Amino acid sequence: MERVLTVTSQYPVVIFSLSSCCMCHTIKTLFCELGVNPAIHELDKDPNGREMEKVLSRLLGRSPPVPIVFIGGQLVGSTDRIMTLHISGSLIPLLKEVGAL
């Protein structure tokens, strides 16, 4: 948990991902196309990735937990939550609020 909190507090937008996950790719692409430079943490490339994945599963309440997005150090959610915010027009103001845009 400590490592997750450390990573998420250092950047305005953090995406925990698996390099082979198509939904992760979709979310990473969305943020990049919006002009955000998110910190992307590929769990399958991290030696502690399995442990972090377990922590993220508990935080999100489901498995697999990826993609999981933190904005301004706060857990925002996974693909469904990010897309809901984007479609409703709430994502960009949130990103501006934390200095990601």
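# A walk through the model, one selection at a time

Start by selecting Glu 42 and Lys 28: the two form a salt bridge, with their closest N and O atoms 2.8 Å apart. Keep in mind as you look that this is a predicted model. The pair ties together distant parts of the chain, since Glu 42 sits in strand β2 and Lys 28 in helix α2 (residues 22-33), 14 residues apart. Check the surface view too: Glu 42 is buried, at a relative accessible area of 19%, and Lys 28 counts as buried as well, at 13%.

Before going further, colour the chain by confidence. The average pLDDT is 92, and 100% of the residues score at least 70. Among the elements, α1 has the lowest mean, 86, while helix α5 (residues 91-97) has the highest, 97.

**Next stop: the other salt bridges**

How many salt bridges does the structure hold? There are 3. For another of them, select Asp 46 and Arg 3, where the closest N and O atoms are 2.4 Å apart. This one also links distant parts of the chain: Asp 46 is in the loop between β2 and α3, Arg 3 is in helix α1, and 43 residues separate them. Asp 46 is buried, with a relative accessible area of 12%, whereas Arg 3 is partly exposed at 38%.

Now pick Arg 50 and Glu 53, whose side chains meet in a salt bridge at 3.8 Å, N to O. These two are 3 residues apart in helix α3, so about one helical turn separates them. An α-helix has 3.6 residues a turn, so residues three or four places apart point the same way.

α3 has 12 residues and spans 16 Å from its first C-alpha to its last, close to the 16 Å expected at 1.5 Å a residue. Its buried residues are Gly 49, Met 52, Glu 53, Val 55, Leu 56 and Ser 57. Just past the end of α3, click on Gly 61, which takes a positive phi of about 80°.

Centre on Val 4 for a closer look. Leaving aside neighbours within four places in sequence, Val 4 is in contact with Phe 16, Met 52, Val 55, Leu 56 and Phe 70.

**Last stop: Ser 88**

Finish with Ser 88, found in helix α4 (residues 79-88). The Ser 88 side chain reaches the backbone oxygen of Leu 85 at 3.1 Å. The side chain of Ser 88 also makes a polar contact with the side chain of Ser 90, at 3.1 Å. To get a sense of distance, draw a line from Ser 88 to His 25: C-alpha to C-alpha they are 21 Å apart in space, and 63 residues apart in sequence.

Conventions:
Residues are numbered from 1 along each chain as its sequence is written. Side-chain values use heavy atoms; hydrogens and water are left out. Contact means heavy atoms within 4.5 Å. Helices (H or I, at least four residues) and strands (E, at least two) are DSSP runs, numbered from the N terminus. The expected span of a helix is 1.5 Å times one less than its number of residues. Buried means under 20% relative accessible area, exposed over 50%, partly exposed in between (1.4 Å probe, protein chains only). pLDDT is the predictor's confidence in each residue, from 0 to 100. A polar contact is a pair of N or O atoms within 3.5 Å; within protein, one must be able to donate a hydrogen and the other to accept it, and residues adjacent in sequence count only if both atoms are side-chain atoms. A salt bridge is a side-chain nitrogen of Lys or Arg within 4 Å of a carboxyl oxygen of Asp or Glu.
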